[in-house]
Structures are given as structure tokens and as C-alpha cells.
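Please examine the predicted model below. The report covers an annotated domain, a core, a set of paired strands and a ligand shell.

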Amino acid sequence: MIPRSLLFGRGLALSHAFSNQNASTVHQQLSMTAWNLRSSLRNIRTLSLMSLWPFNVKPRDFSLPNASWRPEMSKAYEYYNALCEIEGDEKRRLWRKLPSYNRVLKYTTGGVYLSKIIQSKARLFTRNIKEPGAAFEYVVFMNKQEKRCVCVFQAGHLLEGPPGHVHGGAVATMIDSVMGTLAGYMSGPVMTANLNINYRSPIPLGSVVLLHSALDRVEGRKFFVTCRVTSTDESKLHTEATALFVSVNVGHLFGTRF
Ligand SMILES: CCCCCCCC(=O)SCCNC(=O)CCNC(=O)[C@H](O)C(C)(C)COP(=O)(O)OP(=O)(O)OC[C@H]1O[C@@H](n2cnc3c(N)ncnc32)[C@H](O)[C@@H]1OP(=O)(O)O
């Protein structure tokens, strides 16, 4: 979808051009009209080329296994991935692996935001480091029926906070992202309104942990979500969090509520 104003703005100028009866003015306006027409075609061509991108390139799914994954990460991935592949009716499948891109593609499928997003250099915070394994390696498995998800997270060397351990802000980033993904999956666009974190034990740099997130309750537009970060065998609790997400109209993200 291309914004109507962009497509038809010059078209309106074209129809208005014939309202003046004066011959020279009509001549001038015809030249203007030809210019407007050429310009419109150029705009349409540019916009249609733009609208083909990025759909003509398959986006990279950053949550697929790569060489930087430690055996523990691969093992946890295979465990949850196997749950996704349980045979049967598609609708009855409980677990799904969510793909993960470095752009928020969802909003580029159409509407007035298309050109804004396409022109943007924005990249998702957790997916903007090119070297595999250097920062956030993670994959989210969603269970919509049970209103919960599990994220397998391997924390790379660029996420250091206290020596040899993961930065609390990096842990918070992952918690916010996973809880936000769950709330968004259940409701559509959401924003974090409130996030409370208790750090119970430090996470060694390079280690693999699980983030278990669950939807606690919904009150109108408010989604209350919990999260626990544990070792992969779940014997050690690293972090606990609760958060409130508020569902928003997409216009809220662009400052144009409607
Ligand atoms: C794939 C990657 C996923 C990544 C997910 C990451 C998510 C994020 O990090 S989002 C970025 C950080 N968050 C923000 O920038 C949000 C900034 N805040 C806002 O935009 C707004 O305050 C927003 C959207 C939260 C709420 O605004 P608005 O839509 O006007 O709702 P508003 O009417 O104020 O509040 C709605 C309800 O929520 C409650 N509420 C709002 N904020 C809070 C809060 N901080 N604490 C408690 N309650 C709150 C209100 O009291 C109200 O409750 P009720 O309906 O019972 O009266």
C-alpha cells in the first residue's frame, strides 16, 4: 500500500489545471500538467521499486543455529524444536519457533507507514551485531495455548558487565524483549509500561540460560507478564521479573494516534 496522498497529490493538481479559461495560462498549466504527470510516474515507479524491497529478499532468520552456538544452546534448541514438530493437525501444535529478524518487518506489510519504515536505518537492538555469538544469540519458542514462551539465550563476550558476567542491562534487554514478544503475540502491538527485575545470581559470560515467560493476566489493554531466567537444567535461578505491557494502536509508535 502506498499512501494515497503521495500517489494522488499531483493527480489532484492535474485536474485543477483545467479550471482556468485563459489560453496562455492553459498552455502554462498544460506544461505543468505534463511535468506533474512525468513526476507522478517517477514517484510511482520509485515507490513501487521501494515497495518491492525488502520483500524480494528473504530476510535472514537470526534465530537459526550457527557455528557460534555452544552444545548446550544447540541441545536446548533441539529439545524445544522437537516439541514444535510433533505430528498432527497444524492448529493443534502447541509450540512454535518464532523467526527473528533485525527489522520490525511486521509494520512494512502495508499502510501509510511503509515509506517511513523503508527509509529507516533502524535495526532491532538485539540483532544488530554482525559477528555470530558476539552478543545476543537467542531463539524464542511460543506456546500460545498455554500463554507462555521459552527463550534459549547464549550471552556473548560483548555483553560483559561485572568481570566475566553478563551486564544487568543486557539481561533486562532480553527479559523485556521476551516478555514483549509474548505480550505482542497474544495481543498485537504493545509497549512496556513497567518493568521490575530482581537479580538473584550473576550469569557467567558465554553461558546459556532459559527465559521462561508467562502471561499472568489481562485487564483491558493491560497485559501483566512474568519472567524467570534459569540455568538450562532449571536448577539455578538467575533473575526474576514482572512487567506491564499496554497494547497500543500502531499510530502510537509513530506519534499519530487515530
Ligand atoms: C520483537 C521485539 C520486542 C521488543 C519489546 C520491547 C518493548 C519495549 O521496550 S517498548 C519501549 C519502552 N517503553 C516505552 O517507551 C513506553 C513509553 N510509554 C508510553 O508510550 C505510554 O505511557 C504507554 C503506551 C505505556 C501507555 O500510554 P497510553 O496508551 O496513553 O495508556 P494510558 O491510558 O496512559 O494507560 C493505560 C493503562 O495502563 C496503566 N499504566 C500506564 N503506564 C503505567 C505504569 N508505568 N505503571 C502502571 N500502570 C500504568 C494506566 O494506569 C492505565 O490503566 P487503567 O486502564 O486501569 O486506567
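## Annotated region

Residues 164-235 are 28% helix and 44% strand. An unreviewed UniProt entry annotates residues 164-235 as "domain: Thioesterase".

## Nonpolar core

The largest nonpolar core holds 41 residues. Cys151, Val152, Val178 and Leu211 touch the most other members. Elements giving two or more residues include helix 3 (71-84), strand 2 (136-143), strand 3 (148-155) and strand 5 (208-219). Helix 5 gives the largest share, eight residues.

Leaving aside residues up to four places away in sequence, Val178 touches Val140, Cys149, Cys151, Leu211, Ser213 and Cys227.

## Strand pairing

Strand 3 is mostly covered, with seven of its eight residues buried. Strand 2 runs antiparallel to strand 3, and eight bridges join them. Tyr138 stands opposite Phe153 of strand 3.

## Ligand shell

Fifteen residues surround the ligand. The closest are Gly180, Met191, Thr192, Ala193 and Asn194. Helix 5 (168-187), strand 4 (190-199) and strand 7 (237-247) each give two or more residues to the shell. By class, the shell has five nonpolar, seven polar and three charged residues.

Notes. Residues numbered from 1 in each chain as written. Predicted model: local features only at pLDDT ≥ 70, side-chain atom pairs only at ≥ 80, totals over all residues. Near = placed C-beta within 6 Å. Helix = DSSP H or I, 4+ residues; strand = E, 2+ residues; numbered from the N terminus. Nonpolar A, V, L, I, M, F, W, Y, C, P; charged D, E, K, R; others polar. UniProt positions renumbered as here; feature names shortened; annotations may be inferred. Core = buried A, V, L, I, M, F, W, Y, C linked by C-beta atoms within 7 Å. Buried ≥ 20, exposed ≤ 12 C-beta atoms within 10 Å, placed from the backbone. Contact = placed C-beta atoms within 7 Å. Pairing = 2+ DSSP bridges.
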